[in-house]
Amino acid sequence: MAKIRHSDMYAFNRSRVLNIIRKESGISRVDIAKRIGLSVPSVSALVNSLVRDGLINEIGAGESQGGRRPIMLEFEADARLIIAIEIRQEYVRGMLCNLNAQPKDIRKVASSESTAIEKKLEAAANIVQELIDTVEDKEKIIGIGIAVTGVIDCKNRIIRYSAPLNCRNVHLDHFFGKFSMYPIHVNNISRCEALAEKWFGSGKDFSDFIFIYAGLGIGAGMITGGTLYSQSQYSAMEIGHNTVHADGEQCRCGMKGCLEAYSAFWSIKKQYAKAVGKDNISEEDVLKAIQVHDPLIKPIVDRALYYLGIEIANLTNIFNPEIVIVDGWIHALGSEALEYLTNLVKERALEGLTDQFSIILSKLTGKGVIIGAATTVLESFFQPLNKELFQV
Ligand SMILES: [Zn+2]
């Protein structure tokens, strides 16, 4: 095992103290010391350095437990800022937010299937510059998080392949390299949203779960042991292109029988347009048809849910998650769809794996990805060290 340096240990403990105060506002130095097994003077030194850096505030004295009344501590979320960017087929969106991912400013540029990737990335880079320009003290910005739809090489910041963005091997540094004074984190949109669910959403109290985004396309991210599963070379959990029907319907990726070809919103929309005899139909009209149980859309939605359930059952057999969180068009159906999916998974997954299993809806809908892009920066800020070194 690598040798742990004193400076690493100091940074590690400082990060632990900051994390506790972030999660439990109003805690005292003595309680933190008890919690993490350090001496009170050691914790005090760490707290004092965090107060000096503006990351925490002293908010007055709490209840005495026999001695002097302890000073309570509070996390100062506005002490630093993050720029989050979301790049997808329908739009490019940027957000300036604080350390609780609360927005300070949001900018959005509409795009479409036919917008060239270069135009989308130029729009995204312009938004980054605009958001930086709004910040008086630029040193408060701790990083830029970018969520992109597609297979992403996170380490080298390259879009390897994206069907929705219609591109291959696009180097994001060509567009965002001018902001290299800030750490830049890039990840796939569903993986970003999985992180957002862990930090701020329905997955807060769970260590092992799978997040599934069933929107225009379908993607997923897995949290295991409290952190994002990222053992793969690029993006893991590209479940939208898992085969659910050998030689089935044509998918937009070029293959046949993918989950997306049945359960993604682009497929539902295409099938419904055909059913009503139109070349195209608006997203609003499709969602409305789902909500009012239009008889023409019902068999399409039933089939979409069926294949989504089969996929979740397969994932359950492989990973046995505590919960599955879903987001996307399924919100239009609500609890009855969740009940159907849960029953189907219990029926199709191996007995014993689903005793404690449940499927829940995301509460971050519409903003999960952009919060997730910010969370990639938070992950690095709050857990700055190599976890393997410390086995945490
Ligand atoms: Zn496919």
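Biologist: Which residues does Pro-164 touch, not counting residues up to four places away in sequence?

Modeller: In this predicted model, Pro-164 touches Arg-88, Gln-89, Thr-149, Gly-150 and Gly-217, once residues up to four places away in sequence are set aside.

Biologist: And where is Pro-164 found? Is Pro-164 buried or exposed?

Modeller: Pro-164 sits in the loop between strand 9 and strand 10. Pro-164 counts as buried because it has 20 C-beta neighbours inside 10 Å, and the cut-off for a buried residue is 20 or more.

Biologist: How many residues apart in sequence are Pro-164 and Gly-368, and how far apart in space?

Modeller: Pro-164 and Gly-368 are separated by 204 residues in sequence and by 19 Å in space, C-alpha to C-alpha.

Biologist: What about Asn-166, where is its place?

Modeller: Asn-166 is in the loop between strand 9 and strand 10. With 15 C-beta neighbours inside 10 Å, Asn-166 counts as partly exposed. Its phi is positive, at about 55°, although Asn-166 is not a glycine.

Biologist: Where is Arg-157, and is it buried or exposed?

Modeller: Arg-157 lies in the loop between strand 8 (151-153) and strand 9 (158-162). Arg-157 is buried, as 21 other C-beta atoms are within 10 Å.

Biologist: Changing topic to helix 12: how many residues has it, and how far does it reach?

Modeller: Helix 12 covers residues 368-382, which is 15 residues. From first C-alpha to last, helix 12 reaches 20 Å, close to the 21 Å expected at 1.5 Å a residue.

Biologist: Where does helix 12 bend?

Modeller: The bend is at Ala-374 and amounts to about 25°.

Biologist: Why is helix 12 described as largely enclosed by the rest of the structure?

Modeller: The reason is that 11 of the 15 residues of helix 12 are buried. The buried residues are Gly-368, Val-369, Ile-370, Ile-371, Gly-372, Ala-373, Ala-374, Thr-375, Thr-376, Val-377 and Leu-378.

Biologist: What covers the buried residues of helix 12?

Modeller: The cover includes strand 4 (81-87), strand 5 (91-97), strand 7 (141-148), strand 11 (184-188), helix 6 (189-200) and strand 15 (323-328).

Biologist: At what angle do the axes of helix 6 and helix 12 cross?

Modeller: They cross at roughly 75° and come within 7 Å. Helix 6 and helix 12 are therefore roughly perpendicular, since angles of 65 to 115 degrees fall in that class.

Biologist: Which residues meet there?

Modeller: Helix 6 contributes Ile-189, Cys-192, Glu-193, Leu-195, Ala-196, Glu-197, Trp-199 and Phe-200. Helix 12 contributes Gly-368, Val-369, Ile-371, Gly-372, Ala-373, Thr-375, Thr-376, Leu-378 and Glu-379. By class, this contact of helix 6 with helix 12 has 10 nonpolar, four polar and three charged residues.

Biologist: Which residues does Ala-147 touch, again not counting residues up to four places away in sequence?

Modeller: Ala-147 touches Ile-85, Glu-86, Ile-87, Asn-187, Ile-189, Cys-192, Val-369, Gly-372 and Ala-373. The place of Ala-147 is in strand 7, and Ala-147 is buried, with 31 other C-beta atoms within 10 Å.

Biologist: Turning to helix 4, which of its residues are buried?

Modeller: In helix 4, which spans residues 117-133, the buried residues are Lys-120, Leu-121, Ala-123, Ala-124, Ala-125, Ile-127, Val-128 and Leu-131. They pack against strand 4, strand 5, strand 6 (103-110), strand 7 and helix 5.

Biologist: Where does Phe-179 lie, and what is it in contact with?

Modeller: Phe-179 lies in the loop between helix 5 (173-176) and strand 11. Leaving aside neighbours within four places in sequence, Phe-179 is in contact with Val-128, Ile-144 and Ile-184. Phe-179 counts as partly exposed, with 18 C-beta neighbours inside 10 Å.

Biologist: Finally, at what angle do helix 1 and helix 3 pack?

Modeller: Helix 1 (residues 6-23) and helix 3 (residues 40-52) pack at about 75°, and their axes are 10 Å apart. Asn-13, Arg-14, Val-17 and Leu-18 of helix 1 make the contact with Val-43, Leu-46, Val-47, Ser-49 and Leu-50 of helix 3. Those residues divide into six nonpolar, two polar and one charged.

Definitions and conventions
Residues numbered from 1 in each chain as written. Predicted model: local features only at pLDDT ≥ 70, side-chain atom pairs only at ≥ 80, totals over all residues. Axes fitted to C-alpha atoms, helices over the stretch in contact; angles between N-to-C directions. Helix = DSSP H or I, 4+ residues; strand = E, 2+ residues; numbered from the N terminus. Contact = placed C-beta atoms within 7 Å. Nonpolar A, V, L, I, M, F, W, Y, C, P; charged D, E, K, R; others polar. Expected span 1.5 Å × (residues − 1). Bend = angle between axes of the 7 residues up to and from the residue. Buried ≥ 20, exposed ≤ 12 C-beta atoms within 10 Å, placed from the backbone. Parallel < 35°, antiparallel > 145°, perpendicular 65-115°, else oblique.
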